[in-house]
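Here is my note on this model, point by point. Keep the structure open beside it as you read.

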Amino acid sequence: MAEKRVAIITGGGQGIGKAVLLDLASTGIDVVAADINEHAAVEAAREAESRGVQALGLGVDVSSAGDVDRMINSALETFGRIDHLVNNAGVTRDNLLMRMDDDAWRTVIDINLTGTYLCSKAVVKTMMKQRQGRIVNISSVVGAMGNAGQTNYAASKAGVIGFTKSLAREVAPRNITVNAVAPGFIKTAMTDALPEKARDELVALIPSQRLGTPEDVAASVRFLLSDGASYITGQVIHVNGGMYM
Ligand SMILES: NC(=O)c1ccc[n+]([C@@H]2O[C@H](COP(=O)([O-])OP(=O)(O)OC[C@H]3O[C@@H](n4cnc5c(N)ncnc54)[C@H](O)[C@@H]3O)[C@@H](O)[C@H]2O)c1
């Protein structure tokens with residue numbers, strides 16, 4: 001491809017998002033790290049730049065339409081185009097349904113699902129004008145199989161899958177693909193928060209007998225954004241060591 005490509009990664013300040021950011025930077029793609037933690041976003045962007053690309057770090061709350069518009073405008077002012085969006089920002093607020101408060105429900109839906117909607121809607125206009133684009137949404141294995149204590153999170157991640165398939169159908173004629181990656185249990189701050197016993201029990205359920213790494217997820221995102229994946233859309237790629245098939 002002659003022109004330089006540009007990718008926005010939400011939640012790019014740490015964990016899976018940061019691994020995606022650095023992986024794409026290593027392949028020569030200019031990157032925008034958008035994270036509610038502005039300091040982490042700026043630091044991640046600096047690290048990406050050391051891989052020889054241009055990078056921007058922005059403080060963005062993906063559940064705020066105003067923040068998302070500012071993110072798109074800043075990316076366009078700096079780079080003049082947006083080729084890829086990775087909707088990765090996500091949170092958990094786990095509890096059994098009986099004990100879940102409404103805030104925990106709303107926060108998870110607002111960030112994981114509405115954030116994906118807001119960012120996709122904002123970027124699709126630009127991609128349509130460019131007559132090309134790629135969106136990858138980070139779902140989760142629990143969006144497909146469910147998990148006790150995560151009704152809010154599983155609903156948000158199952159919602160991301162339905163959103164992905166519907167938007168894929170809408171924009172396929174415009175040369176825009178929309179896919180989801182559904183990680184299993186990946187070693188990040190999110191899973192470090194689990195008690196050791198719970199983590200050991202989880203690993204026992206994984207045929208590969210290990211947690212995944214952020215780099216395992218980044219590799220599948222890179223593939224879906226590559227030229228070789230141009231005929232793949234509306235799909236969910238499970239990256240879970242075989243724990244759900
Ligand atoms: N770690 C896992 O095992 C696992 C498994 C399946 C899916 N996922 C999904 O992968 C994604 C990344 O998870 P992770 O494990 O790297 O988590 P993480 O907590 O390490 O990182 C999440 C990042 O998102 C940012 N963020 C949170 N709220 C935000 C908001 N409102 N706006 C912008 N940024 C925000 C955080 O500041 C953080 O940098 C999430 O969508 C998560 O649901 C993770």
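1. **Strand E1.** E1 is mostly covered, with five of its five residues buried. Buried here means 20 or more other C-beta atoms within 10 Å of the residue's own; exposed means 12 or fewer, and partly exposed is in between, with C-beta atoms placed from the backbone. Val6, Ile8 and Thr10 point one way from E1, while Ala7 and Ile9 point the other way. Strands (E, at least two residues) and helices (H or I, at least four) are DSSP runs, numbered from the N terminus.

2. **What kind of model this is.** This is a predicted model: local features need pLDDT of at least 70, side-chain atom pairs count only at pLDDT 80 or more, and totals for chains, interfaces and linings use all residues. Residues are numbered from 1 along each chain as its sequence is written.

3. **The sheet.** Seven strands form an open sheet with parallel pairing, in the order E3-E2-E1-E4-E5-E6-E7. Which strands sit at the edges? They are strand E3 (55-59) and strand E7 (236-239), and each pairs on one side only. From one strand to the next, the twist averages 15°. Two strands pair if DSSP finds at least two bridges between them.

4. **E1 and its partners.** E1 runs parallel to E2, and five bridges join them. In this pair, Ala7 stands opposite Val31 in E2. E1 also pairs with E4 in the parallel sense, over three bridges. There, Ile9 stands opposite Val86 in E4.

5. **Further pairs.** Strand E2 (residues 30-35) pairs with E3 over five bridges, in the parallel sense. Ala34 stands opposite Leu58 in E3. E4 and E5 run parallel and are joined by four bridges. His84 has Arg134 in E5 as its bridge partner.

6. **Strand E4.** Are the residues of E4 buried or exposed? Both faces are covered: His84 and Val86 on one side, and Leu85 and Asn87 on the other, are all buried.

7. **Helix H4 over the sheet.** Helix H4 (residues 102-130) lies across strand E1 (6-10), strand E4 (84-87), strand E5 (133-138) and strand E6 (176-183). H4 runs at about 170° to E4. Axes are lines fitted to C-alpha atoms, for helices over the stretch in contact, and angles run from 0 to 180 degrees between N-to-C directions.

8. **H3 against H4.** The axes of helix H3 (residues 65-79) and H4 come within 9 Å and cross at roughly 35°. On the H3 side, Ala65, Val68, Asp69, Ile72 and Leu76 take part; they meet Leu118, Cys119, Ala122, Val123 and Thr126 in H4. Contact means that the C-beta atoms of two residues, placed from the backbone, lie within 7 Å. By class, the residues of this contact are eight nonpolar, one polar and one charged. Ala, Val, Leu, Ile, Met, Phe, Trp, Tyr, Cys and Pro count as nonpolar, Asp, Glu, Lys and Arg as charged, and the others, Gly among them, as polar.

9. **Gly59.** Gly59 belongs to strand E3. Why does Gly59 count as partly exposed? Because it has 18 C-beta neighbours inside 10 Å. Gly59 touches Ile36, Glu38 and Ala41, leaving aside residues up to four places away in sequence.

10. **The ligand shell.** Of the 29 residues around the ligand, Gly11, Gly15, Ala89, Gly90 and Thr188 come nearest. Helix H1 (15-26) and helix H7 (189-192) are the elements that give two or more residues to this shell. The shell has 14 nonpolar, 13 polar and two charged residues. A residue is near a molecule if its C-beta atom, placed from the backbone, lies within 6 Å of it.

11. **Ser208.** Look in the loop between helix H8 (196-203) and helix H9 (214-225) for Ser208. Ser208 is partly exposed, because 13 other C-beta atoms lie within 10 Å. Ser208 and Gly241 are 33 residues apart along the chain, yet their C-alpha atoms are separated by 4.9 Å. Ser208 touches Gly241 and Gly242, not counting residues up to four places away in sequence.

12. **Two positive phi values.** Arg131 is not a glycine, but its phi is near 60°. Arg131 sits in the loop between H4 and E5. Arg131 is exposed, because it has 9 other C-beta atoms within 10 Å. Gln209, also not a glycine, has a positive phi of about 60°. Its loop lies between H8 and H9.
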